[in-house]
Amino acid sequence: DRPLLVWIKNHVSKYLGELLRLEGRGDFTSPACPQCALPLTPGYRCDDCEDCALYCTVCTRDNHVRHPLHRIKAWKGTHFERVPMKSLGVRVQLGHPIGEKCYNPVAAHADNFVLLDNHGIHELGVDFCGCERATSFTTQLLRNRWFPATTTEPKTAATFRVLETFHLLSAQSKVSAFEFYTSLARRSDNTGTRKAKDRYPSFLIMIREWRHLKLMKRAGRGNDPAGLSATATGDCAVECPACPLPGKNLPANYADVEKSWLYRLYLAIDANFRLKRKKVSSDAVDPGLNHGYAFFVEEAGYKSHLETWDKDNPKEASEKLCNTHDAIKLANVKGAAGLAASGVATIDCSRHDMKRPCSVGDLQKGERFVNVDYLLNSSLEQSAPLNKYGYTSYNARQFGWCVPMFHIHAHRDRCRSVYSPYLLRHWARTNGEGVERGWSMVNGFAPATKEMGPGSRRDMLDSVWADQNWVRITKLAATLLSRIKGAVPERDAHVAAFKDLNASLPAEDSAKWERLVAAWELRPTTAKNPYDIHRTHVTQSALRVVLAEEDAAAIKAGKEAALHEDYSASTFVVAGLEIEDHQRKLKADFAALGDHSTDLARAKVLERQNALRRKIDTWRGVQEVFVPGIVSVLAQPSNVDESLQAHEVPLHLPSAACTQASVSSVLLTHEFRLRQAQAYDALADLRGHLEVRAYVFRYKDQHVRGQREHGRSIDIIKGIEGKIKMDAHRYRTAYAALMTLAMLRSRRLDPATALTRRCSVPQPC
């Protein structure tokens, strides 16, 4: 910051003075033209020439025969005023080299030609060549690197450089066509007193045609002897050069070599629900130009498939899954009214995060199988090797499935052992989440594409993904080099750690485990999975299912004593433990309120206190039914304290009430089972949060730099430590209750006898 402080203190006035000096004539105060010595009546200065001198009308016109798009200002005695080049008599002759006379010039329609350029919007005098051997008007414009807005009697065009500028700028910065065009108009006149002629609709047409032409040109379609009509689906996509492409970068016998797994293709399937499109326009009014040539699938075939097979019931399909994931649930969620597309689904290259040809399609209602199946098949038809990865053979191809590492934690344990990419052979450290990172780069286009017609939107996104693929290709060598530089030492560290661990284990056990892994990798559908998680305890959630099933069986057999119409003995204890958890969380949030907490934060905590108090009062009524003696216990002076907050109110669950009142052995048994599950769950959560904290500390030390990032990492660590404290408190509470209940069981005491005895509960460390 020091150079900036020096500048603002010592140089800013000087800089400002020079800017003001350029608003006047500066050193060029002579009344004569420096080129021809004729009087300046008036004098002209060019904003885009390096020369700041003032020239006469004739010299200015002659100097700009080759620069008709420069911006000229006329000196009015006290100030400069912008004048169009056309008013100086400068005319652009097309169809001939500069300086060569045309014997049959044809002025543009109504001599009212408008040209868009980086310098602004220009009104020019343009003459087409009308000689006998002249080419068409559009050809003359294109050979002058001007892109015509129409094919008949064009009187509007854009320079190639302004189209190239917007093409690159929009892909890089997500600037909209309207914002860019408005900037051009303001470069022409930023006062609002001389508005440039509106050519915004023409600009939209030109840039769309420009994108399409660039797509075809870069794919080499102009060199095909069969012409553009021979362009096939996917031909114009920018492909990932690091992926296996038969006929391009694979040996002829790639499927038969020993290390054929090197030539397998790794794909990722995902959807983006931000890239919506409103029900505006139609394919008939706004047809696409690409017709499936790049990344979007060919629309007619896609719609025909949906019309034929769109009979999936997302609700039924989700019930077959281990977890009704949000993407499936969205298929049943209302809110798609007014949308022609609720988002897009894609099949990407998983290892290099690139879009694949003919692998993107619109979604109509959530991420349904009927859409994704079509897109996957379409992607595999495009330069995919026969031997991919997997176990199930289909159409001479082998498939293997996994769940990306970020998503897999939302699935059940079985999925984590079968579909984790880190456990599958030859997957290395592929996490499958690259497609998620790519969405962040394209979401900036969502506000613009949401309002587009179907064809315009597909063409624009095709161009965007082509650019993003190309940028990744330009960085691919550096990216792969960086990855291998990080992978080699990490691999060495893991090998050393594995050898140390393996050496500490019995050799027969290691050999047994190795045989199990090898057998599972060879026959994953039939062999025993060595990675299956075998829990030594039942989780709280699973136990609640068991208790509910036991209640149902007792009701069916007529053995259930109906003490309460809404609660059984097990659900009464479950509800008490849930309230205890709410108290624990509320206590932590209440303690986090500082002296300077906002009124809104305090209000939210108080509202939660009130809601919890009402839950406790309701639960007390049920407690009096199952533990009648609790009424006298609560009436004791030591238990009457109106100043207690809701999170401080003692609940007197069976393990606590058994020392003061008669408690049914059924309630004690239920609490023992639930507390045991609670203790194991708390330990599992505690281990997980400790691992996360260790990782965050390590990441912070290695990667975090700067005060802002350091502050954010500290906040994350504090949040994790709060969860660790809550896990520990939950375990200690469960442990204390278990000690009380275990001593009752070991001494074979009935609840009445326990009234006369106090149970001392040792606290764990």
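Me: Hi! Which residues does Asp127 touch, leaving out those up to four places away in sequence?
Reply: Asp127 touches Arg91, Val92, Gln93, Leu94, Pro105, Val106 and Ala107, where contact means heavy atoms within 4.5 Å. Keep in mind that this is a predicted model, where local features need pLDDT of at least 70, side-chain atom pairs count only at pLDDT 80 or more, and totals for chains, interfaces and linings use all residues. Residues are numbered from 1 along each chain as its sequence is written, and side-chain values use heavy atoms, with hydrogens and water left out.

Me: Thanks! Is Asp127 buried or exposed?
Reply: Asp127 is buried, with a relative accessible area of 13%. Buried means under 20% relative accessible area, exposed over 50%, and partly exposed in between, using a 1.4 Å probe and protein chains only.

Me: And what does the side chain of Asp127 make a polar contact with?
Reply: With the side chain of Arg91, at 2.8 Å. A polar contact is a pair of N or O atoms within 3.5 Å; within protein, one must be able to donate a hydrogen and the other to accept it, and residues adjacent in sequence count only if both atoms are side-chain atoms.

Me: Switching topic: how many aromatic pairs are there in the whole structure?
Reply: A search finds 20. Rings of Phe, Tyr and Trp (its six-membered ring) pair if their centres lie within 6.5 Å; planes under 30 degrees apart count as stacked, over 60 as edge-to-face and the rest as tilted. Phe160 and Trp210 form a tilted pair, because their centres are 5.1 Å apart and their planes are at 55 degrees.

Me: Where do Phe160 and Trp210 lie?
Reply: Phe160 is in helix H5 (residues 160-173) and Trp210 in helix H7 (residues 200-218), so the pair ties together parts that are 50 residues apart in sequence. Helices (H or I, at least four residues) and strands (E, at least two) are DSSP runs, numbered from the N terminus. Trp210 counts as buried, at 5% relative accessibility.

Me: Which residues do ring pairs link into a cluster?
Reply: Phe166, Phe178, Phe180, Tyr181, Tyr200 and Phe203. Tyr181 and Phe203 are both buried.

Me: Last one: which residue has its charged end over the ring of Tyr266?
Reply: That's Arg351, at 4.0 Å from the ring centre. Lys355 lies over the face of Trp439, 4.5 Å from the ring centre. A charge sits over a ring if NZ of Lys or CZ of Arg is within 6 Å of the ring centre and within 35 degrees of the ring normal.
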